[in-house]
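Please look at the sequence and the structure first; the text then takes the two sites in turn.

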Amino acid sequence: MTKVTVCGAAGGIGQPLSLLLKLNTRVTELSLYDIVNARGVAADLSHINTPAVVTGHQPANKEDKTAVVEALKGSDVVIIPAGVPRKPGMTRADLFNINASIVRDLVANIGRTCPNAAILIISNPVNATVPIAAEVLKKLGVFNPKKLFGVTTLDSVRAETFLGGLIGEKPESLKGKISVIGGHSGDTIVPLTHIDPAIGAKVDKLSALQYKEFVHRVQFGGDEVVKAKNGAGSATLSMAYAGYRFAESILDSISGPGFSVKVPDSAYVYLPGLRDGGDLQSQLNNVSFFSVPVHLLAGEILSFEDPLKFKVTDGEKELVKVALGGLQLSIAQGTNFVAGSKI
Ligand code: NAD
Ligand code: LMR
């Protein structure tokens with residue numbers, strides 16, 4: 001029996017993500033929560049002839065605090081794509097003022113209602129919303145760092161797609177042969193392309209300009225979509241796919257074959273809470289949250305791969321250095337926000 005709850009289920013990401021989850025036969029209950037239209041989306045998905053029982057929960061009015069609790073009760077996995085997306089000209093950091101309190105309040109409800117759930121955070125700015133979640137759970141005394149994940153899979157999906165096209169490899173074959181680490185915003189996103197010697201050799205044949213454009217496209221792929229949607233939001237369908245890819249690994253680790261058959265994806269995690277995480281943190285100027293490939297078992301992190309032990313080129317080391325500055329600021333912003341908040 002596995003219950004998955006999506007918070008923000010009626011949104012641009014929430015709807016296609018919920019559809020993909022409804023198709024997964026490991027899910028026995030799919031609970032959809034949103035402040036609008038969750039019941040409509042649930043009614044629609046409930047007609048699909050797969051096992052998951054779908055329920056929809058939305059507050060009756062602004063004061064109603066019961067719907068979210070009802071939605072979360074007994075959840076094994078909670079995925080959060082709730083909040084506002086970017087418009088052209090905005091950075092992800094510009095979303096902080098609205099999304100910080102949305103994530104804080106949802107995670108407080110998770111901490112009180114289903115503290116053992118794996119929590120997957122999609123809402124931006126991920127670099128700060130995940131530290132917010134950690135601080136809220138710490139304040140409530142229920143923080144399990146092995147079960148808190150910032151979803152950065154879209155960066156890996158983009159890197160695989162863009163590099164595959166450049167070096168003549170099938171993008172889907174690149175999972176695990178390249179990696180994307182760091183954070184989820186501009187120059188905090190760091191693609192590593194020399195983990196696999198054969199792929200690294202092909203990357204070395206790219207011109208300096210081609211390689212630079214590849215890195216830029218991975219770091220700013222989100223902007224490409226925001227610009228193309230021209231005010232109608234940011235990536236939703238590719239994000240639903242990416243979020244599902246990570247959620248599927250979590251579900252497999254709960255009731256499937258486990259970590260050993262899976263190539264790990266990266267997630268933005270709290271390093272000091274993981275075995276050997278402190279060592280990596282000290283090599284990263286003490287940055288406490290960082291996206292690394294994670295092995296999963298029973299819905300939590302069993303171990304992570306230290307990306308600095310991969311073959312990392314001098315250019316990639318420089319990218320990591322740049323990423324650390326931006327991450328420090330976002331982590332502090334998230335942490336300070338909760339310090340000044342009543343939970
Ligand atoms: P959207 O506006 O289409 O949907 C957001 C949904 O959240 C809406 O249905 C809204 O009603 C709901 N919502 C708002 N406040 C809520 C609350 N308190 N509780 C429950 N639901 C609430 O936006 P979207 O395009 O789906 O994007 C959602 C978020 O995901 C944005 O912050 C966006 O920047 C982020 N995002 C992250 C990634 C990533 O890689 N991690 C990729 C794409 C988008
Ligand atoms: C993305 O990478 O597409 C998302 O983080 C949305 C955005 O604002 O770019």
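In this predicted model, the shell around ligand 2 is made up of Arg86, Arg92, Asn124, Leu154, Arg158, His184, Gly222, Ser234 and Ala235. Sorted by class, these residues are 2 nonpolar, 4 polar and 3 charged. Both domains take part: domain 1 (3–151) and domain 2 (153–333) each supply at least three residues to the shell around ligand 2.

Three side chains of this shell have a polar atom close to an oxygen atom of ligand 2. Arg86 places a polar side-chain atom 2.6 Å from an oxygen atom of the ligand. For Arg92, the distance from a side-chain N or O atom to an oxygen atom of ligand 2 is 2.8 Å. For His184, a polar side-chain atom lies 2.5 Å from an oxygen atom of ligand 2. On its own, ligand 2 would expose 260 Å², and the protein buries 95% of that area. Ligand 2 is located in the largest pocket.

What surrounds ligand 1? The shell around ligand 1 holds 29 residues, and the closest are Gly12, Ile13, Asp34, Val84 and Asn124. By class, 18 of the shell residues are nonpolar, 10 are polar and 1 is charged. Among the structural elements, helix H4 (residues 96–113) gives the most to the shell around ligand 1, namely 3 residues.

A polar backbone atom of Gly12 is 2.8 Å from an oxygen atom of ligand 1, and a polar backbone atom of Ile13 is 2.9 Å from an oxygen atom of ligand 1. In the side chain of His184, an N or O atom is 3.0 Å from an oxygen atom of ligand 1.

| Protein atom | Ligand atom | Distance |
|---|---|---|
| Arg86, side chain | ligand 2, oxygen | 2.6 Å |
| Arg92, side chain | ligand 2, oxygen | 2.8 Å |
| His184, side chain | ligand 2, oxygen | 2.5 Å |
| Gly12, backbone | ligand 1, oxygen | 2.8 Å |
| Ile13, backbone | ligand 1, oxygen | 2.9 Å |
| His184, side chain | ligand 1, oxygen | 3.0 Å |

Where is ligand 1 placed in the protein? Ligand 1 sits in the largest pocket. Domain 1 (3–151) and domain 2 (153–333) both contribute residues to the shell around ligand 1, so ligand 1 lies between them.

Definitions and conventions:
Residues numbered from 1 in each chain as written. Chains lettered and ligands numbered in written order. Predicted model: local features only at pLDDT ≥ 70, side-chain atom pairs only at ≥ 80, totals over all residues. Heavy atoms only, no water. Near = heavy atom within 4 Å. Polar contact = N/O pair within 3.5 Å; in protein donor to acceptor, adjacent residues only side chain to side chain. Areas by Shrake-Rupley, 256 points an atom, 1.4 Å probe, with all protein chains shown as cover. 1 Å grid on protein atoms, 1.4 Å probe; cavity = no way out; pocket = protein on both sides within 12 Å on 5 of 7 lines; lining within 4 Å. Sits in = over half its atoms within 2 Å of the grid points. Nonpolar A, V, L, I, M, F, W, Y, C, P; charged D, E, K, R; others polar. Domains from an automatic or database assignment. Helix = DSSP H or I, 4+ residues; strand = E, 2+ residues; numbered from the N terminus.
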